[in-house]
Each structure stands twice: as structure tokens, then as C-alpha cells.
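Open the model in your viewer and keep the selection tool ready.

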Amino acid sequence: MNRALFAVRQFVSLRRSVSYSAACCQVMTNPEEIAKLYRELSLFPSLSRADLGPVVTSQYGGKYSNIYTEWSQRDLERNENVKFCRQYIVFHDDKSVVFSGASGNCTEIKGELLSKDSPSGEMKAVVRECTIKGEDKQFLEIWTKNIKIKSINLTALKKHGKVYEDEQFGCLVWSHSETHLLYVAERKRPKAESFFQTESPELSSIGDEEETMRVEKKESVKGEQFVLHEDWGEALVSKSCPVLCVLDIEGDNVSVLEGVPENISPGQAFWAPGDTGVVFVGWWHEPFRLGLKYCPNRRSSLFYVDLMGGKCEQLSSGTSAVCSPRLSPDQCRIAYLECSVYGPHMQCSKLCMYDWYTKKTSVVVDVVKRPGEDGFTGIYNSQLSPQCWSADSQRIVVACPQRSRKDLLVVDISTGSITSLTSKSDVGNWCLLNIERDLMVVSCSSPNCPPSLRVGFLPARDSQEEVVWVTLEDSQTLPDIDWKILTFTPPPEQDNSQYPGLDFEALLIKPKEVKDGVKLPLIVTPHGGPHSVIVADWLLSSAVLCRMGFAILLVNYRGSLGYGQDSILSLPGNVGTQDVKDVQFAVESVLKGGEFDMKKVAVAGGSHGGFLACHLIGQYPGFYKACVARNPVINLASMIGSTDIPDWCMVEAGFDYSTDCLPDPAVWEQMLNKSPIKHVTQVQTPVLLTIGEDDKRVPNKQGIEYYRALKAKQVPVRLLWYPGNNHALSKVDAESDGFMNIALWIIQHMCQ
């Protein structure tokens, strides 16, 4: 049959099945209409950064500050996330905002990897990447007023490899004196040559490049072309051996700092008080590197390297994991987060403080096993805001999940007391972008409201005043979307005997207006992790599905962040049972209300959420009419040897991990028993798999293993393969194509 004719007939067949679903499910089913709705809602941008300039006093005596913001927006035509900036001006009296507004329109940012204003606001540093004559080159630029006064070709200097722009290691920091810049880059490697490479006659000529050629020839090594260089895993595949680099601005000289131990990978660096040296987080990378993204539980410590003598000093314990150090405005204290090594990847953290002058470390906020009477559930962050200290250096502001919301919390470092600035708000998600001189810049959103930009002053230390938030950039609320948080208590037979009495929650998003007699179809979405959480945030896919006519139940089962450390620790060893039963209990409890159609329930999840989706259709055959699994964990036993996080497989299966552990048949048996593949013979539900080709976290062979097992059992299954995408499947073309296929798959199979 002609391929084009076959494709047309296939499309017509799909449209017919979709039309059948339309009459059955009362939802939007036309692909063109769905794509139009997705395009419309994808226009809402998200905030990624805000910088506050110095306070300026006008000629009339008024004070104002400029705020620089960066946003990201999907561009479906260009198939990329577009980054742009916008500036605002805020007049204030150091206690309240008097007047505010935008200054100019948006401007797209191109080629910038990193940028940072100097403390005085007089200069700006930019690390820029551009392609010149087909070659990628990196430049470090210094701007002042309207002039670019420096443009240093870092690639040509050959002092190091590519500059790190990621949040894990990367930084671009001005010295307090504004004479030097600090950043992180890949260590320079000797040029590798074949044993059989001979020097070309034309390369032996003498001239201006003779010395450079001689040095390069001396540094080149034979037989090293195909040596494995370990990296730090998912989303950090090009990051292997970071080094700390310093630019002397006046002398245009770049140097790589010496003194960092060879078995340590440095990052998250900043200048010590007085510019005497550099403070950084160092991760041990022996005996081998494990995935670091979303894994703040890797052994690490705070270090200080002295610039004069090159001596390196360890500032914190070497038996824990630390991250996100932040120097106080008075340059006396360093706040940072600390948690246990190994165990759950994400867990409740301690907020610690190192006193620069007494050299003593204290715990400001300890791990919270269970929430107390004040409702505080603990700190669950892998990063603090770039600036998080109050002007008096006595308080720290943290944006943190508290159950199914994300709130702004103020921690008093003297007393350890915690106050919520946003618990009374009806906004579900608050994110602190920056705080400078007590002026906070925040992003806030909810399931029915895309991100908006607000500012407000932190009340005085002993004040009972509420923050007066002023909106700089509002967002359009979607009045036809309703949401609420539901709380569930597991039945007695599902209680965890080691950690009894734990509850959990789910976020229910649904159309606000429903016709009489119509029961909504329900899409159940457990999150990944498993130690993560879905807060009441703006979620593009959920908003589109809701506008199409679906209700979405996002379940924060026991083991999620934001409910206390006991909840987290209750899950390892019980994956595949406790989390599965929690999700099913939440679904059945919601269905009892009569608002949703029991015969039109689908399940969709990614990573560990895909693990749960595949478990649910195997343990509850026929209950779910359609299943979608994005990069799902299918078989813990087969995953452990190929993932960048083998410790995750061990820990979640209930075993301790060590780098020297060897394969154990009994352990593998338990891993297999806790995996979705164990229940594949019972699956009746049609399954759509979406797989990222470059996924190092849950290797693509996991999805293929499930695909083949379902094909062998003649269960309807379809697999979408996305080249160039990793675990997140976040490239614009994969995200948008994935959504359309997911929506149509659910429509096609939900009402058969």
C-alpha cells in the first residue's frame, strides 16, 4: 500500500476513535483544537532570576532600585526555550514600596552563559559563547555603562576547558574589591594523539606560533584518545574535573587556583571575607563519580583555599553532604545546607552556620522528623536563593515545600525560630528570587495562575506586620480552573508499623464549571523521585488537560518531601507496595464522591511516577483505561548496572549502599520483586511510553524492556523515542509532541 495513503487512513482511524471518545468523555478531542490550546497556554513565561541594583538617591531625595529579571518562554516555532530579560524600577523608603513599574520592554538574551553585576553596580561581567567560523568559542566580557571594556577569548587562552554554567558547580562572582572574577571551568586535558600519528611537514615551520606549537606538542600524549573520562551523570555529562579559575581584570590574566585536593571536585564558590581566598563546596569523586543532579546526598564539604599560600582547609565535617553556602552581608557567617550521605537522594536538611572568625559550626534548624504544633515540616531544598540573608545578618529567608505548598519561611539564626511569610496566602507556590537590603523579589504561582513577579520588604525582626506585596508583572488567572489540596489517612492495614500515623496529600485540579449530570474523566499523576513533591504550582500540562475537560489528581504519597523526615524514611524498602497503595487509596477515595467517572480513569507518570503507573496497571488490572509512562523505572535489578545512580536502586529496595558492594542474587531478587516488570503478565491497560535517548538516570533500555514484554503479551503499546533528550524530556519539541501524543492516547483508550 502507498505509504502516504496508509498514513492518511491511520490518521482518519485515529480521528474516528477520538470522535467516539468525544461523545463518551465530554472532553475536547480535536487535535487541532488541543494544539491551539497548548500553544495558547505555553505562552506564559516563567521567572528564572532577579538581580537588585544598588540604592540610588534621586536629585529630589527619593530612593529607588533597579531590578533586572530573566524569564524563559517556550517558542514552538523555533523549537527552543527563549530567554529574555526585563527591568523594573522600584521607589521605596527602605521599609515600603512607594512606586514601581517596568522600565522598557523585553529583550531576548542570546549567547550568555553567565552574567553578574559588580557589587557597586558599576560593571557587569558576562561569559558568552558564540560560533566563529564553525567553532564554538567562549569569551569573558566586562561592561561598564554603555561600553564593553574587555573581551577575553577564554578558548584561545587554553588555560582550561569550557566554563561551567550549571547550578551544581557553576558560578561567576566578583571579588569584594571588584578587581577579580571567580568562575568554574573544566580542567584542561592534554591533547590525545594516536600511536601512529606523524607530524605533517607544514606544521614544523617556525614563526609566531612556534612556541605554542612546541608546548602543545610537549603536552600531547599518545594512547589516551579513547580513555573514559567519568562525568557527574544526568544533565552534567560534560562535567568531569572542575577547577576554580580567577581573572585579574586589570592584567587580563586568567589563572587556575592551586591547592584544591586532587580527589575533590570544587564548585559553588565565592570570595572569602577580605578577598583572602575562596570558599567552595568540594565533592569527593573517588572511587568513582555518581550522578549529582537532584542528589544533594553526595559526600561533600566546605573548603577554604588561601590565595597567598595555596593552603586548602576543610571547614565542615567530611562525613556528611553540604551545599549552597551563602555569606552574610556582614561577612561574618556562612549559612549552608547539610544532610546525610547516601540514603534517600532528597531528604530533610539541616540549616547550618559557620562563624568565620570563631571557626565554630552550629545547627540553626535541625532535621524535623514530624511536624510540631507550629506546623513547620522541615527544610527540603538543594539550593538556597543566591541572596537569602536579611540586611542585619540575623535572619535567613528560605522558599521551601511545606506539605503540598511552597512557602517563604524566615529563620532567626539566634533563636532558630521559624516564621512563615505566606502561609495565609491563597497562592500555592512562592519562590524567593533575591533579597537585598530586605527588599524581596519573588515569583508566585498556582495551578490556575501562571508565574507573576512581586516585591515586598521583609518586616523588622520583632515586628508582627505582614509583608505588603506589590506586583511588578501580573499574570492572567484562569477562572475556569479550580484546585484544592486533599488529605488522606491510610487505612489501618496499610499503616507503616515502623513509622505509624503518617498521612499524605493530593492536589486535585479540575474544571470549575461542570454541566449537571456530567462525571469528569480523571487522570492520576504520581510524582517521580520518589522523594520529591508536587506543590500547588503552575503546571502547563495539567492546565491544558483541565481546560480540555479532564480532572487531574497529583498524589504526594508517603515518602514525599515536605511532610517530615519520618515520611521520607517510611518508603525505602516499601517501594512497589506502600507508594502504590497510597495512590490507589487516594484514587478510590476521590471516586467515592461521585464527581468523577469510575470507568474513565487514566494514569500517567515519569521516572518513579512511571514506575508507579506501571505498578498500578499491573496490580489493579483493568482499573485504568490508559497508561502513560515517561522514562519509567521498570526493573531495579537490570537498572542498577547502567544508571548513574546505582545507590538509588539499592536504597529504595531497602538495602544499604556502598561503593564496593558486589552483585548479590538475594538483593537482585528483592529488586525484581519490587519492580513493575514483576506484574507485567497481569497488565490489560494500553501503554504509551515516551523515552529520552540520552537518559543516563533511567537508561532507555528500561522502557524498551517493558515495551517488549507488553508486545509479547499482545497488550496495546506504543513507544515514542526522543533523540537528544535526557531524563527530563524537556526540549520544546519533545515536550510539545509528547503532550499531544499523551492527550490523544488517553482520549483514544479511556472510553473504549
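**Stop one: a helix pair**

Select helix H2 (residues 31–41) and helix H13 (residues 732–750): they pack at an angle of about 135 degrees, with axes 11 Å apart. This is a predicted model. Angles over 145 degrees would count as roughly antiparallel and 65 to 115 as roughly perpendicular; H2 and H13 are therefore oblique to each other. The crossing of H2 past H13 is right-handed.

Now show side chains. On H2, pick Pro 31, Ile 34, Ala 35 and Tyr 38. On H13, pick Glu 735, Ser 736, Phe 739, Met 740, Leu 744 and Ile 747. These residues make the contact. Colour them by class: eight are nonpolar, one is polar and one is charged.

**Stop two: the sheet**

Move to the open sheet of eight strands, ordered S32-S33-S35-S34-S36-S37-S38-S39. Its pairing is mixed. Which strands stand at the edges? Select S32 (481–488) and S39 (717–722). Each has a single partner strand, so one side of each is left without a neighbour in the sheet. From one strand to the next, the twist averages 20 degrees.

Zoom in on S33 (residues 504–511) and S35 (residues 551–556). These two pair in the antiparallel sense, over five bridges. Pick Leu 507: Leu 554 in S35 stands opposite.

**Stop three: a helix across the strands**

Finish with helix H12 (residues 701–712). H12 lies across S38 (687–692) and S39. Against S39, H12 runs at about 155 degrees.

Notes: Residues numbered from 1 in each chain as written. Predicted model: local features only at pLDDT ≥ 70, side-chain atom pairs only at ≥ 80, totals over all residues. Heavy atoms only, no water. Axes fitted to C-alpha atoms, helices over the stretch in contact; angles between N-to-C directions. Helix = DSSP H or I, 4+ residues; strand = E, 2+ residues; numbered from the N terminus. Parallel < 35°, antiparallel > 145°, perpendicular 65-115°, else oblique. Left-handed = near helix turned anticlockwise from the far one by under 90°. Contact = heavy atoms within 4.5 Å. Nonpolar A, V, L, I, M, F, W, Y, C, P; charged D, E, K, R; others polar. Pairing = 2+ DSSP bridges.
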